[in-house]
Amino acid sequence: MARLELKDIRKSFGGTDVLRGIDLDVEDGEFMSLVGASGCGKSTLLRIISGLENADSGQILLDGRPVGDDPPSGRNVAMVFQDYALYPHMSVAQNMAMPLVMARLPIYARLPGGRLFTPHLRGSRADIALQVEKVAGQLRIDHLLSRRPAQLSGGQRQRVALGRALVRNPSLFLMDEPLSNLDAKLRVEVRKEIVELHRKSDLTFVYVTHDQTEAMTMSDRVALLRHGRLLQVAMPGSLYFDPATIDVARFIGSPEINLFPARRKDGTLSFAGVRLSLSGGPMGDSDLMVAIRPEALVVKGAAGVASSPLEGPQFSIGVTREAIEDLGAEIVIHGRIARMPDIALRIRAQKSLHHAGPVAVPAQFDVRASLSSLLFFGADGQRINGVTAGVAQKALAR
């Protein structure tokens, strides 16, 4: 195991700043995911940690020891790539053994026929074979050791890539979008296997993905990157329920969070045809953004849609339906605010378990939500905490 510390890591390619001062601590035995849109710098950061790329500036420490100048082989770090990078002409056992062969056997012992001239290395070869068998058993691929990569499924090849990294007994385990080549069902299965592997091994994991579902379901903490900067590092639930910025709120959650421009004046906040009394937070008149998750909105008057009870003070918004996505147990309704058709609205709703017919959502309908589900952001995109909202008057009629 290892504790990883990144201090002011910066990297540019040509005139493009890819990483702009990354400070991140990963605790011993922690599962940390780096998540963000394509091009945010997460894979570059992983390659810098592994030693495959050099940072322009900053420090990398493993257990307090600076390793920024060490080669990849001197960091005791294992990495699993997106494309698996297996040798097609080698068996599974040979692929998994390769890191140990390279580390423990001299060059002449690796040549064809090298076994004949190196009988004194028989014990080392036996130890390597035992380590491969042990890790293969942990990953349930011990029955595949004689096969070649072309004879394996995508999930089996992924487990071989994991095994090849594990045989080294690394202190730090890095993964760069390892599930992106798998189909949806297999991705779920391998995701569970990686989590179980982390639990059993107690290794420190740093996992790169653009898939927020992977990051949220697998990680102890998630680091969200955007344009080479860390926006927030927190536990998955905190990113969802307590986003620090509007960019975090927009990235986490599917469908994307609903955002409404709002104006605070004389202690009253107006947005989407709703007027609220507001106390706390910024004082005086100001422009704000109000956000609410699609699943926090409850549809009224739709056949086949479950109606969840709401707690505390509530508000209502009139909606014009545009489209419906059927997700099986759920639906996503796309619409617009009835009195403000330039503002889009997304609602995620559960289907009623006892409704036999198709879901029927009227062309015009109302949604309700609790005031406690609202999030407030300033004009600079930063979260405004400590705001208490009350209903000033009913929502404007359609």
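**Note on helix packing, domains and backbone**

1. H2 passes H6 in a right-handed crossing (a crossing is right-handed if the near helix is turned clockwise from the far one by less than a right angle, and left-handed if anticlockwise). Helix H2 spans residues 92-104, and its axis lies 7 Å from that of H6 at a packing angle of about 30°. Axes are lines fitted to C-alpha atoms, for helices over the stretch in contact, with angles from 0 to 180 degrees between N-to-C directions. Helices (H or I, at least four residues) and strands (E, at least two) are DSSP runs numbered from the N terminus.

2. The model is predicted: local features need pLDDT of at least 70, side-chain atom pairs count only at pLDDT 80 or more, and totals for chains, interfaces and linings use all residues. Residues are numbered from 1 along each chain as its sequence is written, and side-chain values use heavy atoms, with hydrogens and water left out.

3. In the pairing of H2 with H6, Val92, Asn95, Met96 and Pro99 of H2 make the contact with Val160, Gly163 and Arg164 of H6, where contact means heavy atoms within 4.5 Å. These residues comprise four nonpolar, two polar and one charged. Here Ala, Val, Leu, Ile, Met, Phe, Trp, Tyr, Cys and Pro count as nonpolar, Asp, Glu, Lys and Arg as charged, and the others, Gly among them, as polar.

4. H2 also packs against helix H5 (residues 122-138): the axes come within 9 Å and cross at roughly 135°. The two helices H2 and H5 are therefore oblique to each other; angles under 35 degrees count as roughly parallel, over 145 as roughly antiparallel, 65 to 115 as roughly perpendicular and the rest as oblique. The crossing of H2 past H5 is right-handed. From H2, the contact takes Ala93, Met96, Ala97, Leu100, Val101 and Arg104, and from H5, Asp127, Ile128, Gln131, Val132, Val135 and Ala136. By class there are nine nonpolar, one polar and two charged residues in the contact of H2 with H5.

5. On the H6 side, Gly154, Gly155, Gln158, Arg159, Leu162 and Leu166 meet Leu186, Val190, Glu193, Ile194 and Leu197 of H7. The contact of H6 with H7 divides into six nonpolar, three polar and two charged residues.

6. How is the protein divided? There is a domain 1 (4-247) and a domain 2 (256-391), with bounds from an automatic or database domain assignment. Their centres, taken over C-alpha atoms, are 41 Å apart. Eight residues from domain 1 and 10 residues from domain 2 form the contact. About 730 Å² is buried between the domains, with carbon and sulfur atoms giving 51%; buried area is the accessible area (1.4 Å probe) that two parts lose on being put together, summed over both. Tyr240, Pro243 and Ile246 supply 68% of the area that domain 1 buries against domain 2, more than any other three residues.

7. Ser254 and Pro255 are joined by a cis peptide bond, with omega about -5°; Pro255 is placed in the loop between helix H10 (246-251) and strand S11 (258-265). Asn76, a residue other than glycine, has a positive phi near 55° and lies in the loop between strand S5 (65-66) and strand S6 (77-80).
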